[in-house]
Amino acid sequence: MAATETQFMLSVGLIEKDVNGDTLWVWCYPSVGSDLRQVLLSKCCLTRDGRDFHTFVFGQFCRTWYYITTVEVQEPTALNKVTHFSIVVTAKDFNPEKYAALSRILCRMYIKHGSPVKMMEAYVTVLTKGICQSDENGSFLIKDYDVRKAYLAGSVKDVVSQFGMETIILYTALMLKKRIVVHHPRIEALLEFTRVLPSLTWHRKDWSILHPYVHLTDAELEDLKKCPGYVAGFVDPEVSNRSDLFDVYVNLPDSVITVSQSAKEAMAMGKLHKDIGHLIVQSAEDAERSDSQVIKEISVKTKEILANLAALADECEDSKITLEGLKQHHFPPATENFLFHLAAAEQLLRI
Amino acid sequence: MEEVDNILIHALKEVGTEVNEDTSSVKQFSSELIVEAVVRCIRVIEPCLGSALPTSLPPGMSARFRVCTSLAQACQDIGYKGEIGYQSFLYSTEPEIRSLLMFLVEKLPRESAEASDQPPGKSVVLQRAIAAAIKAQLVVPWLPPSCRLPLHSETQSPGALHRFHVQPLSLPHCTEEAGKKQLKEVKDYHRDILPPVTAQPSHHASLVTSILEQHTAELSASQEGYNEWNSQGLLSRLKPQEYRSRKLTRLRKRIEEQMRSAALPSLESAFGGPRATSDLSEVLQAFRGSAPSDHILTKGSNFTHTQKFTFTQTLPSSSIPSSHQSESDIQHCQQEEQVSLQLHFQHLCSDVDQLAADMKHMTVTNAQVLDEFKQRELKNSEKEDKLQVKKKTINLLPDSDNNLLKLQTLVEASAKRVVNLASQWEKRRTPLINEHRRLKEICSKQDLESSKKLSEITSLHDKIRVSTEEAKKKEEIHKQLVTELENLPQDVSRSAYTQRILEIVSNIKKQKEEITKILSDTKELQKEINSLTGKLDRTFAVTDELVFKDAKKDESVRKSYKYLAALHENCYQLIQTIEYTGTILREIRDLEEQIETENGSKTVANLERILNDYKAIRQENSALAAKVREG
């Protein structure tokens, strides 16, 4: 297990901000492409005139996850003329906690020794053996950080308590593989909120749709558009004007969810959605249930719907659903519409 | 007195009075001259009063008398406060005439100063003329057409008005492209073919407006460019071309963004029909005058266009009114037409619905297919990677333990090598990055200095500009004043006057001093006299008492007492006589002064003249009476 998991780690990089106010990419191993490097420099909070300081930020670009830990250098130190630095770890998998812990160790090593060589040693040890000594008591073991824990780290209950019945909009959008854009001026809130959303479609366990930290630059938006459905987080309020980027827009600070005109028809909701919505809200409001239990209940309901859909598909030839086939069952129009689009999302529709 | 007379004579000459070159004082003025001078002055001061008065005295005595009285009245009307009547002109005295002329001349300069102010330059004359003409035109009040007089026809009739219509003009001068050379063909075109500016507009009335518009546009553009360059351009520290090219790219980007955001709603209205025009106007409003792009209009409305097209095609073919058919037939035809059109319309609507449903289905299936494709691609690549690894592992399987050990050692070795390489690289890297940082620091310091210098330069520019403007203004004023000075009349030297005035003032000061000295001397003397008189009295009183006391007893003392009394009496009389003599001398002086003044007023001559004139008037009266009796 450790072997395959270490294959997920791609590279480690170092960004420094010096007393001249320059933010430079000073070191990386093994190598980082120039596009990715540009993106990483823009994500690193050091490039923004020291306005906000974010200790830990993560995101996805071109199917690569990046985890940036930023530290302010306190005197006295072996590093001269450096005021802040960030360590960037890129990997193929989504596991913020694991890489945050790793980055912390690397940061401490860098500060202590003032040279990236020691840091690289630790990194290579993790890469080859999956374990590394840390300055704190104990050591860092990759296998301590299971990916399931990362998936379940967020809190569904918070989401439901903020949006109530409207959570069903998010559920529907995720089920139908629509494009959700979330906005919040603070990146930490954005990261916390968006990482929970893919857990509403637990049966897919697909966190590659998550792009929690995106800027309105051409390169990133092009990369975003390659995914048919995604959950994207933006700090820039201008994104509300970019209706070409989303089907559902979530204004997190105001707790407002809007569905864009073009998607209203596909996202029409009926009795089925109301039931599911009630289930979600009730389940989340129960104080005795934990987050994972809530997710489990939602996934049970989802599996039910999918089982129904599969049954409908089996009725038709070559087990693919058609619109005519659905119409024969005389569902209410909203449910019929939803099932039609869900079939497309689950690849059960005849082409 | 001489200077005063000179000034008066000069002023009178300016007014137009013909004064002989010999006359140098007012004493020598004859009555005719006085009358002429006064009349001319009054004409300048108040033209309405003066126009009624003749400049020369008529021959008849009564007429003369009348003229002089009216002249005196006019002088009083103007504001002369002294006593004046016909006698001031016919039988004049020097001081009277002098004061009257001074009063009139004083009244003069203020009114005639404006008229005698010479204009300083030709362009100023022209400008003043233009200003006066415009002022006159503005003063004329606007009247409705029915009330207009002919004098308004020039400015207020509708024929004089033109619409403000602007046409583009092409002028052969280079503005921005100072570095570029004009093509030879362009130069030839400008020289041979391009018509002059006055011939370019199609309507002559729009020539002025077009020129004004073009000039204002160029001026404001260059002014704005200059200001922008001074404020932002210098700060950006780029060359002018670079700055402009950067601005151009920035603006283009903005245009793209605006177009994109505006084009999207029109996509949604593809089935909404004729909303394209409203979108276009919104786009224009949002971007404030960018060129409308045609593709917005055509986007999404292909369908509506074809719809309209088919409609227009069918309509003309189906309506052929024939004049031979009766009314009911025509109606029947029209109803049939209507029915067929409605059927056609319904067909089209169902087609539209069908197509919409198809499109929807297509998009959904398209999305599904793309999704599937993507997933399969990813799985493929993952499986390929796994395959590679497994291939390599299979090759190593036969001798697994050894190979495992070997692999581990290999891994450790490469790890160590990598670390070694990293440390080597670090050795190279650190000095380089330190150097980079050091140079950056120096650079930023220099930036600060250069920005300081830049601000100094801009302030110097401002100062230069301000000083050049001031210098220009001062030079203009200097020119004006020089020409004014040259044009001023040269015969009267101002400096001579000022010198004389200053001399007189100093003389008066000295005299005043002397007078005060004399006065103080007189006071001293008077005080002495008073004190001596007092002393005398007291001494006499004491002596008197003393002697009187002893006089009762002794005979010689009584004699001496009598002598004392007589002495006192005589001295007292002496003093009185001296005082009396003094008073008489003063009276003599006063009388002598009076004799002089009376002599100056030539009363005797005047009296003789009055008698003669009286005799002449009596004769005229008797002649007129005889005439009346006869006729």
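Which residues does B:Ser206 touch, not counting residues up to four places away in sequence?

Reply: This is a predicted model, in which local features need pLDDT of at least 70 and side-chain atom pairs count only at pLDDT 80 or more, while totals for chains, interfaces and linings use all residues. Residues are numbered from 1 along each chain as its sequence is written, chains are lettered from A and ligands numbered from 1 in the order in which they are written, and side-chain values use heavy atoms, with hydrogens and water left out.

Leaving aside residues up to four places away in sequence, B:Ser206 touches B:His165, B:Gln167 and B:Pro201, where contact means heavy atoms within 4.5 Å. B:Ser206 is found in helix 10 (residues 206–236) of chain B; helices (H or I, at least four residues) and strands (E, at least two) are DSSP runs, numbered from the N terminus. With 2% relative accessibility, B:Ser206 counts as buried, given that buried means under 20% relative accessible area, exposed over 50%, and partly exposed in between (1.4 Å probe, protein chains only).

Turning to the charged side chains, the structure holds 32 salt bridges over all chains, a salt bridge being a side-chain nitrogen of Lys or Arg within 4 Å of a carboxyl oxygen of Asp or Glu. One of them pairs B:Lys440 with A:Asp22, whose closest N and O atoms are 2.4 Å apart. Because B:Lys440 lies in helix 16 (residues 400–487) of chain B and A:Asp22 in the loop between strand 1 (9–18) and strand 2 (23–29) of chain A, this pair joins two chains. B:Lys440 is partly exposed at 31% relative accessibility, whereas A:Asp22, with a relative accessible area of 13%, is buried.

Chain A also holds a salt bridge between A:Asp275 and A:Lys271, with the closest N and O atoms 3.3 Å apart. These two residues are four residues apart in helix 11 (residues 271–285) of chain A, so about one helical turn separates them. A:Asp275 counts as partly exposed at 36% relative accessibility, while A:Lys271, at 59%, counts as exposed.

In helix 12 of chain A, A:Lys301 and A:Glu304 lie three residues apart, about one turn of the helix, and their side chains meet in a salt bridge (3.6 Å, N to O). In chain B, salt bridges that share partners join B:Lys184, B:Asp188, B:Arg191 and B:Asp192 into one network.
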